[in-house]
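Please read the following note with the sequence and the model side by side. Each numbered point takes up one part of the structure.

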Amino acid sequence: MRQLKVGIGVLCFSIVLFAGATQFIPLGPQGVWPRSIQAIAAAVAVIVGLCWIMFPWPSRRGMVAFVIWADVTLAIAAATFSDPTARLSAVVYLSLVGLLPTFFLGRRALVIHCGFALALFGVLVTMNILVDGATWFSQFTYGAPALAAVVLMPAIIQVVLEGGRDSILAAAVSANRDPLTGLLNRRGVTTAIDLLHQDRIDAVNVVVVLMDVDGLKELNDTRGHGAGDEILKAVAAMLTARTRVGEIAARIGGDEFLVVAFPGRAEDIESTVRRVSTPRAGIDSWSVSVGAAWQSRTGGGIDLDSLVQQADYELYKVKSSRGMLDPQH
């Protein structure tokens, strides 16, 4: 980013060279006022370039202000040229400005920039025809390439960037989600803990609830895996409905589900476990075995692996006491 920041500053300095060169050619500004306007624009460009080089990367608002300044400055500079062809050719420099909203500000800013470029192009074409007697054909010949560079090129880049971003986002989401239930998977739980637990300043405890769907193997054997999948989806729907904002629900194995909850002072640990693991009466036809473990956050971060192991041990004791474990294992 530092190299890019310096590069933008150098481009601002190049406006000085551009303005200085056009002062001495027949196509450039003629008269005191047009030349003075370009000189003022060049002086301001030096200040803006120094700001890019000397100061940190600007905020979004600063970027928007820079794009507005650059668009207006180049528009004024283009209008001060005395030759119709030179005016339209100068519009092409707006394509460099358009790269900033394309890469950093998003579609809306790019649409506004391109709209400004189209309006400027229309004003210059009208000015060339009415004031200087230019023909429509000559305006199209010189203006079409400039218009393509200013509008089409950033638009194409934007489409490619959005497509790539969406693909990356979809890949990231799929890597952290269980495809059957839509809940997080093991990797997603770790990622969510890293993102969320630092912000749970209102939580007193961290509770890990591990659930195992009872009789799922027998159901798959007798009625097929489709029936088992429907049960898994139903459990996932229940967990999605029961968990609160900031809590984590995941499917971490074939018939195993995990919930990480942060009960505050208004809810005790036992109530949290019941809330996230009790099937809905009259709605759910399945049952789950539950193991839970918890940890106080006063001692620091969350030891998720240790909590999962403790909850798994509690779950093992529950299933063992109910005779639901294979005696050979």
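Which helices each supply at least two residues of the lining of the largest pocket?

1. The lining of the largest pocket. The helices α1 (2-22), α3 (60-79) and α5 (94-105) each supply at least two residues of this lining. The greatest share comes from α1, which gives eight residues. In total 19 residues line the pocket, and Ile 8, Leu 11, Cys 12, Leu 96 and Val 97 lie nearest its centre. Its volume is about 450 Å³. On a 1 Å grid over the protein atoms alone, a pocket is an open set of points with protein on both sides within 12 Å along at least five of seven lines, a cavity is a set of points where a 1.4 Å probe fits but cannot get out, and lining residues have an atom within 4 Å of a point. Grid points are joined across faces, edges and corners, and a volume is the space filled by probe spheres set on the points.

2. Basis of the note. This is a predicted model, in which local features need pLDDT of at least 70 and side-chain atom pairs count only at pLDDT 80 or more, while totals for chains, interfaces and linings use all residues. Residues are numbered from 1 along each chain as its sequence is written, and side-chain values use heavy atoms, with hydrogens and water left out.

3. Overall composition. The chain has twelve helices and four strands; helices (H or I, at least four residues) and strands (E, at least two) are DSSP runs, numbered from the N terminus. Of the 329 residues in the chain, 41% are buried. Here buried means under 20% relative accessible area, exposed means over 50%, and partly exposed lies in between (1.4 Å probe, protein chains only). Among contacts (heavy atoms within 4.5 Å) between residues at least 6 apart in sequence, 72% join residues at least 24 apart.

4. Rolling a probe the size of a water molecule over the atoms shows where empty space is left. The structure holds two cavities of 30 Å³ or more. About 70 Å³ of space lies in the largest cavity, whose lining includes Ile 15, Phe 18, Gln 38 and Thr 73. The elements that give two or more residues to this lining are α1, α2 (32-54) and α3.

5. The sheet. Four strands form an open sheet in the order β2-β3-β1-β4, with antiparallel pairing; two strands pair if DSSP finds at least two bridges between them. Because β2 (248-251) and β4 (288-296) stand at the edges with a single partner strand each, one side of each is left without a neighbour in the sheet. Neighbouring strands are turned by 15° against each other on average, direction ignored. Axes are lines fitted to C-alpha atoms, for helices over the stretch in contact, and angles run from 0 to 180 degrees between N-to-C directions.

6. Strand β3 and its partners. A hairpin joins β2 to β3 through four residues, and the two strands pair in the antiparallel sense over four bridges. Ala 250 stands opposite Leu 258 in β3, and Arg 251 has Phe 257 as its bridge partner in that strand. Six bridges join β3 to β1, with Val 207 paired to Ala 261 of β3. Five of the six residues of β3 are buried, so this strand is largely enclosed by the rest of the structure. Helix α11 (residues 269-277) lies across β1 (205-213), β3 and β4, and runs at about 35° to β1.

7. Salt bridges. Side chains of opposite charge can pair when their charged atoms come close. The structure holds ten salt bridges, each being a side-chain nitrogen of Lys or Arg within 4 Å of a carboxyl oxygen of Asp or Glu. In one of them, the closest N and O atoms of Asp 212 and Lys 319 are 3.6 Å apart. Asp 212 lies in strand β1 and Lys 319 in helix α12 (residues 304-321), so this pair ties together parts that are 107 residues apart in sequence. Lys 319 also forms a salt bridge with Asp 214, at 3.8 Å. Asp 214 belongs to the loop between β1 and α9 (216-223), 105 residues from Lys 319.

8. Asp 221 and Lys 217 meet in a salt bridge (3.2 Å, N to O). Both lie in helix α9, four residues apart, about one turn of the helix. Asp 221 is exposed at 56%, and Lys 217 is exposed at 58%.
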